[in-house]
Amino acid sequence: MIKIAPLSRLYNDIMPTLSAYYKDVYSNDNHVDGTYTTQCAEIISQHTKQHTVVTTSGTTAITSMLLAIGIQPNDEVLCVNYSNPASVMPIKLLGAVPVFVDINNYGCMDLSNLPVTKNTKACIVTGLYGDSVDWDQIKDIEVPVLNDSAQCLTTKYRNNMATQYGDMTTLSFAFNKNAPVFGTYGSVSTDDATLYGKLKIINSNGYNNAEEVQISQIGINGKPSEDKSAQCLASMQRLASWQNTRTEINLYYKDVFDNKGVMVKPSPGYSTSNHHKFCIFTKNKKLFAKMMHDKGIECNLHYTYNFSKYPALNVDNRTYPNTDFYVDHAVCIPCHQWLSHDEINKVVDTVCKINATIGVPSDVDSLYS
Ligand SMILES: Cc1ncc(COP(=O)(O)O)c(C=O)c1O
């Protein structure tokens with residue numbers, strides 16, 4: 001099977017570095033927040049903001065941003081209507097109320113007309129598919145901006161890194177991200193020293209026993225571990241070279257597919273994609289993924305959720321036309337840096353054949369006209 005995220009290949013790639021790191025980590029007695037975590041935070045800060053707290057997942061990182069600004073039950077928080085559930089779940093977990101916003105034509109949160117009211121306490125901004133949102137559209141917003149940039153590591157907004165926007169910014173190093181670990185890991189970064197102090201305590205279950213033990217904050221167990229930090233560091237050190245290969249593969253796909261009538265998700269002019277996902281639009285995505293699977297190629301149905309329709313979240317009666325389009329038609333194919341030439345050719349041939357059988361969505365022109 002040609003996988004979306006082949007972890008055995010990650011292992012082969014980083015093992016020479018990682019085995020030296022593990023030897024060091026496991027021959028020491030300190031496994032929480034040590035030198036590998038410090039190095040990890042430093043390398044993450046080069047992509048984000050001055051201060052970084054390394055944590056157990058992107059979801060934990062988003063939760064700690066909300067805790068750091070003191071989100072309370074019933075506070076309204078703007079968030080995207082379509083994404084990994086992690087973009088909304090932390091709001092619900094704290095008893096706050098998610099107010100959903102549709103995605104734009106490019107599959108990222110639409111910031112053009114946010115429903116900000118006097119009850120809005122924060123806005124979680126989410127870029128998807130490796131593209132950036134249009135940050136200029138919210139430069140004057142008056143509530144804290146929390147950047148869920150899990151899918152945006154190395155993405156650019158105009159000439160800047162998309163991961164540098166917002167009052168705080170989070171990353172995910174989950175197994176399917178462009179700098180993966182074996183499992184999940186995450187980070188939250190800020191330029192504000194006070195917020196940084198809070199984030200450290202929040203990620204340590206709200207207590208600080210460096211001096212006298214104090215409980216000063218509601219927190220969670222997001223403590224970084226040295227072996228996971230070693231994995232994250234090894235991936236971050238390979239990232240630039242991986243991104244070169246990933247970009248080459250993605251540009252090749254786009255070139256071939258554009259000539260063969262496969263509908264590739266476009267990127268906006270203000271965004272330089274990190275090619276985290278390669279997304280195409282097909283008339284029937286479940287059938288497309290099944291036919292690809294039968295030919296030995298894994299696809300992701302990212303995503304099938306319209307958050308505003310789930311009683312577990314916050315049902316509303318508004319319409320989300322771009323969410324509906326992506327829920328029906330967006331599907332992602334393997335595009336990682338470990339694909340061989342034969343595998344790339346197999347993916348290209350199979351996508352073209354299946355696309356010729358199933359066809360492209362009939363409403364796609366209205367989305368991009
Ligand atoms: C946009 C987005 N936000 C948050 C997350 C959560 O990250 P994690 O899986 O590390 O908790 C993900 C993970 O896929 C994501 O894609």
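1. Start in the sheet: Leu 146 sits opposite Met 168 of strand E8. Strands E5 (residues 145-148) and E8 (residues 168-172) run parallel, joined by 3 bridges. Strands here are DSSP runs of at least two residues, helices (H or I) of at least four, numbered from the N terminus.

2. Before going on, note that this is a predicted model: local features need pLDDT of at least 70 and side-chain atom pairs pLDDT 80 or more, while totals for chains, interfaces and linings use all residues. Residue numbers start from 1 along each chain as its sequence is written.

3. The open sheet has 7 strands with mixed pairing, in the order E1-E9-E8-E5-E4-E2-E3; strands pair if DSSP finds at least two bridges between them. Strand E1 (51-55) and E3 are the edges, each pairing on one side only.

4. On to the domains: the assignment (automatic or from a database) gives domain 1 as 13-233 and domain 2 as 237-368. Their C-alpha centres are 25 Å apart. Domain 1 puts 34 residues into the contact and domain 2 puts in 35, where contact means C-beta atoms, placed from the backbone, within 7 Å. On the domain 1 side, helix H1 (7-26), strand E3 (97-101) and strand E6 (156-157) supply at least two residues each.

5. Lastly, the ligand. There are 15 residues around it, and Ser 57, Gly 58, Ala 86, Ala 150 and Ser 172 come nearest; a residue is near if its C-beta atom, placed from the backbone, lies within 6 Å.

Key
Two residues are in contact if their C-beta atoms, placed from the backbone, lie within 7 Å.
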